[in-house]
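Try each task on your own before you read the solution.

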Amino acid sequence: MAWFNRQQPGVEGSGDGEKRVRTEGLWLKCEQCGQIIWKKALDDNLQVCPQCEFHFKLDARARLAMLFDGGVYEERDADMVSTDPLRFVDSKRYSDRLAAMQEATELSDALISGAGTLEGRDVNICAMELKFIGGSMGSVVGEKITRAIEDSIDRRVPVIIVSASGGARMQEGAVSLMQLAKISSALMRLDEAGVPYISVLTDPTTGGVTASFAMLGDLNIAEPKALIGFAGPRVIEQTIRQKLPPGFQRSEFLLEHGMLDAVVHRKEMKPYIARALDFMAA
């Protein structure tokens with residue numbers, strides 16, 4: 001009689017017959033409530049804690065897959081890369097940092113631009129990738145967004161930008177700051193053409209991104225408890241010499257004070273945007 005040692009997935013056998021279960025990466029701890037969550041359950045729930053509804057960060061690819069019908073879209077300007085205009089060096093060369101990020105994320109820069117449909121309506125969607133140098137906005141991010149806006153003007157289709165960024169990219173200096181004006185002027189032309197722009201702010205959206213296109217939407221919406229602001233709370237407290245109120249710079253606080261139009265749960269984001277576009281078209 002033949003005997004076979006069939007091990008279950010995630011179970012390792014040792015020489016003395018003892019079994020060890022591999023659990024690394026299978027469970028995560030919620031940052032808000034401390035609940036231990038099975039990773040697959042979190043994936044199935046769009047990276048939202050089933051216990052307390054805490055929204056984990058979502059990468060750019062997952063964001064586009066969530067918004068586009070069937071997760072299908074045509075990526076635009078995928079091969080556009082920075083030329084390191086300043087030959088910048090800090091703890092390492094900027095060119096080396098870019099190469100390392102491109103290898104780690106398999107992206108050319110901190111934004112994916114795609115064209116497809118959302119609930120049957122043609123749209124352009126740009127999603128920022130926080131893992132790529134903190135989602136910072138450099139020349140490539142600025143150019144990709146501007147091209148998406150210009151395409152929206154030409155084809156008269158709405159544009160949606162999902163922000164997740166630490167702000168302008170310091171390694172590109174004034175070149176990165178020029179993107180604020182560049183994108184803002186493109187959005188002005190979009191507004192003059194009467195084409196809708198919806199801005200989706202996620203955790204975190206800060207610095208030059210907040211100071212430009214992230215707050216210029218015809219509709220500005222955010223995910224729950226997203227950190228949104230220009231300068232950090234510590235810098236503000238040191239400047240105004242006052243203690244900031246609880247929840248300062250979180251999306252609910254901004255909604256209460258008129259800086260946002262809505263705070264929308266991730267599960268409701270796609271149908272909410274679809275209804276908003278139907279209203280704008282009407």
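**Exercise 1. Find which residues E143 touches, leaving out those up to four places away in sequence, and decide how E143 is classed by accessibility.**

Solution. 
- Step 1: Leave out residues up to four places away in sequence; E143 then touches M80, Q179 and K182. Keep in mind that this is a predicted model.
- Step 2: Take its relative accessible area, 22%. Buried means under 20% and exposed means over 50%, so E143 counts as partly exposed.
- Step 3: For a sense of distance, go to I37, which is 106 residues from E143 along the chain; their C-alpha atoms are separated by 39 Å.

**Exercise 2. Describe the protein as a whole: how many helices and strands does it have, and what share of its residues is buried?**

Solution. 
- Step 1: Count the elements: there are nine helices and eleven strands.
- Step 2: Look at the extent. A box of roughly 80 × 50 × 45 Å along the principal axes holds the C-alpha atoms.
- Step 3: Turn to burial: of the 282 residues, 44% are buried.
- Step 4: Check the surface. Its accessible area is about 15,000 Å², and carbon and sulfur atoms account for 53% of that.

**Exercise 3. Which residues have the most contacts inside the largest nonpolar core?**

Solution. 
- Step 1: Take the largest core, a group of 57 residues.
- Step 2: Pick out those with the most contacts inside it: I125, I145, I160, I198, F213, I221 and I273.
- Step 3: Setting aside neighbours within four places in sequence, its contacts are L67, L118, I160, I198, V200 and I221.

**Exercise 4. Describe the largest pocket and the largest cavity: what lines each of them?**

Solution. 
- Step 1: Begin with the largest pocket, which holds about 300 Å³ of space. Of its 20 lining residues, Q47, F56, K57, L58 and D59 lie nearest the centre.
- Step 2: Sort that lining by class: eight residues are nonpolar, three polar and nine charged. Helix α2 supplies the largest share, three residues.
- Step 3: Move to the largest cavity, with about 40 Å³ of space. Its lining consists of L58, D59, A60, R63, A127, M128, V162, S163, A164 and T202.
- Step 4: Sort these too: six are nonpolar, two polar and two charged. Strand β8 gives the most, with three residues.

**Exercise 5. Which peptide bond is cis, and where do I133 and K225 lie?**

Solution. 
- Step 1: Find the cis peptide bond: D203 and P204 are joined by it, with omega at about -5 degrees. P204 belongs to strand β9.
- Step 2: Go to I133, a residue other than glycine with a positive phi near 45 degrees. I133 is in the loop between β7 and α4.
- Step 3: Go to K225, also not a glycine, where phi is positive at about 60 degrees. K225 lies in the loop between β10 and α7.
- Step 4: Apply the cut-offs. Buried means under 20%, so I133, at 17%, is buried. K225 has 45% relative accessible area, so K225 is partly exposed.

Notes: Residues numbered from 1 in each chain as written. Predicted model: local features only at pLDDT ≥ 70, side-chain atom pairs only at ≥ 80, totals over all residues. Heavy atoms only, no water. Core = buried A, V, L, I, M, F, W, Y, C linked by side-chain atoms within 4.5 Å. Buried < 20%, exposed > 50% of the residue type's maximum accessible area, 1.4 Å probe, protein only. Contact = heavy atoms within 4.5 Å. 1 Å grid on protein atoms, 1.4 Å probe; cavity = no way out; pocket = protein on both sides within 12 Å on 5 of 7 lines; lining within 4 Å. Points joined across faces, edges and corners; volume = space filled by probe spheres on them. Helix = DSSP H or I, 4+ residues; strand = E, 2+ residues; numbered from the N terminus. Nonpolar A, V, L, I, M, F, W, Y, C, P; charged D, E, K, R; others polar. Areas by Shrake-Rupley, 256 points an atom, 1.4 Å probe, with all protein chains shown as cover.
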